[in-house]
Structure formats: structure tokens, C-alpha cells
Amino acid sequence: MRKHLIFVVCLVGPALAADNALLRNGSSIRHERREVLTNGATTRLYLSDVNADFVDVPSADIAGFETAPADTTVRIVPLAPAPPTLAEIVREASDKSLLDEDLLYSVIKAESGSNANAVSRKGAQGLMQLMPQTARNLGVTNAFDPRANVDGGSRYLHAMLVRFHFDLAKALAAYNAGPEAVEKYNGVPPYRETRLYVANIIKDYNRKKLAQAAAKRSAARSASTQTSAPLAPSKS
């Protein structure tokens, strides 16, 4: 995935009216404001609007003051990169975990409705609803960070697939109810919530795959029709 840094080029003028302190040695000091200290022998020149940014100059060394010309310095200000989209996050997690993107989307839909800030009654958090202990075990320090959450959730789902010999129904049941419950019942536990969860994800995932297969068949038929169409007879 490519990341792009965006830069803004600004012509920066002075925030406040600036003056030049003309020194008797021929040099000058640009400053935003000035203050003669109590003894009168020292003039404090504030170089910016930050109070700690100043220089003290003997008053006797200052010949006078003049309005400073506008500062037209060109400054390039980097902007923070835009946060990754859900599509980018899922694609990245799919590449790392070797899980189908459509499967991850179906799990995210069932878990949180794609709400990165979702919290369940039991305390599961984020897009793939990681329990705090599970998140810690996966090294996810912030379960509300979409990228970290999906990365951790996809790794956990892959581990459940491996544990249950790539039986998707058992792996999803383990993701929802815990692997111990699946092992106890040697299959999807008889919990209504878990059975609905597994059924909904598999139904949603199969719907996507069937739609994709139908689109491919339609495209293939269209291409075949175009290539097999008879040529119009040429006029002699």
C-alpha cells in the first residue's frame, strides 16, 4: 500500500507588525515588539510572539528603529497523512493473514457493523470486537485503532482456522464463543447467539462469492458473444 505525504506551500507573512532595530555597528535585528527594561540601559527585543524568544541589547547600541519589510519566506509545511480507509486496512490484513478480504468484511460487519468505536456489553472493542485480554495476547495496545484491531482480529481468526483444521464454521464459532466451547461440543456450541453469528457470516460471505461468480459468468458470456458475432458481408 502506498502512502502519500501531502505538503502545503505557504507564503508566510508576519503575524504582527515587525520592526528592525538599527544597531550602530551597521547590523539590524528584526523583532515583533520591544521593551526597555527598568534600568533603561537594556532594551529587550522579542523575536517572535513567544515571550521566551528574546534578545537583550544595550540601549546605547541602538541607533533607531524602522518598520521591517514583510517576510515572504516560502515555507513547506508537511501535513499528516490521511488515515487509512477500511478497504486499505482490510487489504493489508488479508495480505498478512492470507484470509479472504470478503471474509474479513463479513466478520467486521457481524462484529461491529464497521464501527471502529463499538464496545459490546461484555467489553469487546473495535471493528473486530477484541476482548481486552485477547488484544493484549495479540500485542494490540489500542483496540480502537482500526488498523491494529483488524490486524489482530485477522491473526486470531487465522489461528482459529488452523486450530480447527480450516473448518470455517468451527473457526467462527471459536472466534465468538472461544475455542474451548467448540472443543467441548466438538462443533458449533448450542448457543443461540453463536449459531446466529456463524450462520449470518457464512450467509453474507457466500452471497458475495455467488455474486462475484455470477458477474464473471456474465462478463464471460458477453465477451464470447462479441467474439463469435458474424461479420457483416462486405459490399462489392
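Start by selecting residues 33-36 and 42-46: these are strands β4 and β5, which make a hairpin with 5 residues between them. (Helices, H or I with at least four residues, and strands, E with at least two, are DSSP runs numbered from the N terminus.) In the turn, click on G40, whose phi is positive at about 75°. Before moving on, note that this is a predicted model, in which local features need pLDDT of at least 70 and side-chain atom pairs count only at pLDDT 80 or more, while totals for chains, interfaces and linings use all residues. Residues are numbered from 1 along each chain as its sequence is written, and side-chain values use heavy atoms, with hydrogens and water left out.

β4 and β5 run antiparallel and are joined by 4 bridges; two strands count as paired if DSSP finds at least two bridges between them. Show E35 and you will find R44 of β5 opposite.

The three strands make an open antiparallel sheet in the order β4-β5-β6. From one strand to the next the twist averages 25°, with axes fitted as lines to C-alpha atoms (for helices, over the stretch in contact) and angles running from 0 to 180 degrees between N-to-C directions. Between β5 and β6 there are 5 bridges, and T43 stands opposite V57 in β6.

Next stop: two loops. Select F166, in the loop between α4 (146-163) and α5. Its phi is near 60°, a positive value in a residue other than glycine. F166 is exposed, with a relative accessible area of 56% (buried is under 20%, exposed over 50%, partly exposed in between, using a 1.4 Å probe and protein chains only). Then go to N186, between α6 (179-185) and α7, where phi is also positive, about 55°, in a residue that is not a glycine. N186 is exposed too, at 62%.

Finish at the largest pocket by selecting E111, K122, A124, N176 and E193, which lie nearest its centre among 23 lining residues. A pocket here is an open set of points on a 1 Å grid over the protein atoms alone, where a 1.4 Å probe fits, with protein on both sides within 12 Å along at least five of seven lines; lining residues have an atom within 4 Å of a point. Colour α2 (101-112), α5 (168-177) and α7 (192-228) to see the elements giving two or more residues to the lining. The largest share, 5 residues, comes from α7.
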